[in-house]
Amino acid sequence: MAMPRLHPRTIDAVKERADIVDVVGEHVVLKKKGREFVGICPFHDDSKPSMTVSPAKQFYYCFSCGAGGNSIKFLMELQRQSFSDVVLELARKYQLPVETVDGPQQERLRQQLSRREKLHRALALASGWFRTQLRSEAGQGALQYLREGRGLSEATLDAFELGYAPEQWDGLLKHLQAVEGLAPELLEAAGLVVPRKGGNGFYDRFRHRVMVPIRDRQGRVIGFGGRSLDGGEPKYLNSPETEVFEKGKHLFGLDRAANAIRKDDRAVVVEGYFDVIALHAAGITNAVAALGTALSGQQITQLCRCSDGKRIVLNFDADGAGVRAANRAIGEVEQLALQGQLELRVLHLPSGKDPDDYLKEHGSGDYRALLDQAPLWLDWQIEQVLEGRDLAKADQFQQGVSALVALLGKLPQSAIRTHYLQRVAERLSGGQGRLALQLEEDLRQQVKGQRWHGRSARFEQPGESSQRERSEAEILRLYLHCPSYRSVIRRELRQRELEDFALQHHRLLWATLTDLEETNIGSGRLEAVSRGQDSGEELADLDLPRLLTDQLLLENSALVSRLTPLLEPGELQRLALSNPLQHLRGTAAVLERQKSLKRCRHLLEAWGGQRLQTLERCIASLIAQEQDQPQALANIDMEQRIHALFEDLNADALRFQELYYCERKHIAHLDEQRCAGYANPNEVVKDDVPPAA
């Protein structure tokens with residue numbers, strides 16, 4: 001069907017409303033520079049900010065590739081959409097009236113906008129009803145919990161419009177049907193009711209819960225978070241994703257915090273609704289929270305748009321889940337932070353308290369002081385590596401050094417890497433100056449040899465990403481369908497450093513599985529299982545396929561489609577499940593081999609980039625020395641002197657050479673494991689690393 005011709009009034013209205021900084025800022029992290037903004041150009045392989053965005057001219061331009069234009073042109077080029085598609089998308093986003101030359105098309109577009117308006121209205125009415133119930137007789141327990149248990153004032157209750165969902169199966173449904181005349185199908189689309197099994201009617205999604213309305217940037221209610229009052233699971237129940245509510249695109253409290261973030265030039269990201277509410281009540285109004293999922297790149301971009309300095313502080317809980325959430329958030333913005341495009345800090349409160357508990361004991365002044373002292377993300381990660389390690393023990397010292405080398409290897413060659421090498425060396429040396437200098441040089445050599453650690457996309461060959469996706473899916477499938485091998489799988493992944501899945505949806509699935517298991521056996525025991533210090537027999541008793549499905553349906557329905565293929569293995573996949581241990585080691589070897597291959601490519605490039613000093617130059621240099629100091633060098637064997645000087649002048653090249661051949665030997669070992677792990681050992685992946693000359 002041909003697109004309708006848009007009325008000039010619609011085009012003009014979109015151009016006037018679509019601010020260039022807002023449009024580009026949704027896809028590129030922009031940093032203010034004078035009166036303009038700069039960022040990484042998305043239209044070519046850019047490593048430095050070469051794109052300039054001018055609010056005054058409503059124009060963007062890249063000085064490297066020449067891309068430029070207004071907000072509509074930007075989206076046309078980025079999303080490969082037509083002019084009409086982009087204008088319609090922007091009109092829907094900004095709720096602008098759409099006028100077309102063709103009447104029927106205009107009517108259909110109006111109907112689509114009208115449906116979203118109806119969903120917003122249903123959610124707003126539900127929010128009002130929940131607030132009324134909080135003040136009713138049935139809501140006295142919930143009101144007492146908020147006033148006494150949470151210590152919230154009447155002003156805070158009103159500001160966040162907190163409410164209560166009574167312990168009834170269809171209280172909200174009946175009210176919105178009888179009083180407001182809303183159809184159950186519309187309420188289901190808004191995430192307020194759930195169809196009964198068998199299709200016989202609907203019932204309320206939220207029952208006997210404190211209700212927290214979730215709003216978009218325009219202040220419209222788009223969903224709810226419900227906190228259980230009777231200890232029922234889940235403790236927090238969020239609205240499902242709907243036409244107006246996408247969890248990864250919104251942040252709780254951003255509608256109220258945006259101006260404070262701009263004023264303070266800093267955003268504070270916490271874990272829970274009540275942490276945000278407590279911080280706002282204490283006057284710290286630049287706080288927001290993610291909506292039950294890991295902090296996404298899109299949410300980070302929204303925060304960066306509110307802060308000229310792109311300053312973000314993560315204040316998650318200090319337990320295992322909070323540390324993992326912080327590391328996942330760091331992973332989303334690590335490259336931007338390394339490039340200096342944003343300033344990321346991590347605050348963990350003393351004694352593992354969350355912001356709500358800390359404020360009750362210490363007040364806002366102490367919290368602000370800790371906030372100002374929050375370490376940069378890399379400093380925090382270094383402390384996480386060293387925390388709990390006894391550096392006097394050789395094995396723990398070596399484990400710490402290996403983890404620190406992997407961490408520091410992410411830094412580009414610059415003064416900042418030198419700073420961290422010195423700092424880490426001082427920590428490891430225990431204040432011994434001479435040892436610190438020796439450790440610093442050793443760390444520097446290890447970092448040079450281990451840059452990228454096999455994770456850089458630059459050293460990835462065609463086909464490797466799809467192979468990695470298949471292999472990661474196989475491991476997850478084994479974990480779900482072979483319960484008695486779960487502890488073995490965890491140990492294998494830990495030993496091979498494969499726990500950090502490369503694909504985002506696989507990372508999220510693994511994180512959800514880990515959260516479910518920690519809930520049942522505790523984070524300490526699960527960590528012991530991964531280290532091989534606990535048998536983890538209870539893991540086999542968990543019905544993870546069912547628990548995972550229920551959890552995702554409640555918190556992240558978008559991942560359910562990714563889960564389905566894992567729950568329904570094909571014929572060949574079922575064959576692999578019949579010999580799980582062998583298949584696990586073969587699949588894990590494939591993933592580890594990919595990392596080693598990429599590291600080989602890096603080492604070969606680094607080795608080839610070294611300028612070798614020839615034996616002739618060594619001899620010439622020694623002859624010159626002999627002429628200057630004939631007596632001092634007379635009794636030293638010339639051949640030994642030449643060999644020592646050659647090794648000294650070519651130390652980096654020889655180290656890269658040694659590391660390259662060690663990695664090749666490791667790949668050969670992995671090939672043996674990989675071939676032993678499959679029924680058809682002749683299926684060998686092509687080795688894309690050229691042999692050394």
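Is Arg496 buried or exposed? In this predicted model, Arg496 counts as buried because its relative accessibility is 10%, and buried means under 20%. Arg496 sits in a loop, between α21 (486-495) and α22 (504-521). A polar contact of 2.9 Å joins the side chain of Arg496 to the side chain of Glu492.

Helix α14 spans residues 355-362. Its buried residues are Pro355, Asp356, Tyr358 and Leu359. These buried residues line one face of α14, because they fall within an arc of 165° when seen down the helix axis. Their cover includes two strands, β12 (267-270) and β14 (311-315). It also includes two helices, α11 (273-281) and α15 (364-372). Gly363 follows α14. The phi of Gly363 is positive, near 90°.

The largest nonpolar core contains 59 residues. Within this core, the residues with the most contacts are Leu146, Leu162, Leu192, Phe224, Phe252 and Tyr367. Helix α5 (residues 103-134) supplies the largest share of the core, seven residues. A second core of 49 residues is separate. Leu295, Val323, Leu421 and Val424 are among the residues of this second core.

Leu146 was examined for its contacts, leaving aside residues up to four places away in sequence. On that basis, Leu146 touches Leu134, Gly151, Leu152, Leu157, Leu162, Val210 and Phe274.

Terms used
Residues are numbered from 1 along each chain as its sequence is written. This is a predicted model: local features need pLDDT of at least 70, side-chain atom pairs count only at pLDDT 80 or more; totals for chains, interfaces and linings use all residues. Side-chain values use heavy atoms; hydrogens and water are left out. Helices (H or I, at least four residues) and strands (E, at least two) are DSSP runs, numbered from the N terminus. Buried means under 20% relative accessible area, exposed over 50%, partly exposed in between (1.4 Å probe, protein chains only). A polar contact is a pair of N or O atoms within 3.5 Å; within protein, one must be able to donate a hydrogen and the other to accept it, and residues adjacent in sequence count only if both atoms are side-chain atoms. The arc is that of the directions from the helix axis to the C-beta atoms. Contact means heavy atoms within 4.5 Å. A nonpolar core is a set of buried Ala, Val, Leu, Ile, Met, Phe, Trp, Tyr and Cys residues joined through side-chain atoms within 4.5 Å.
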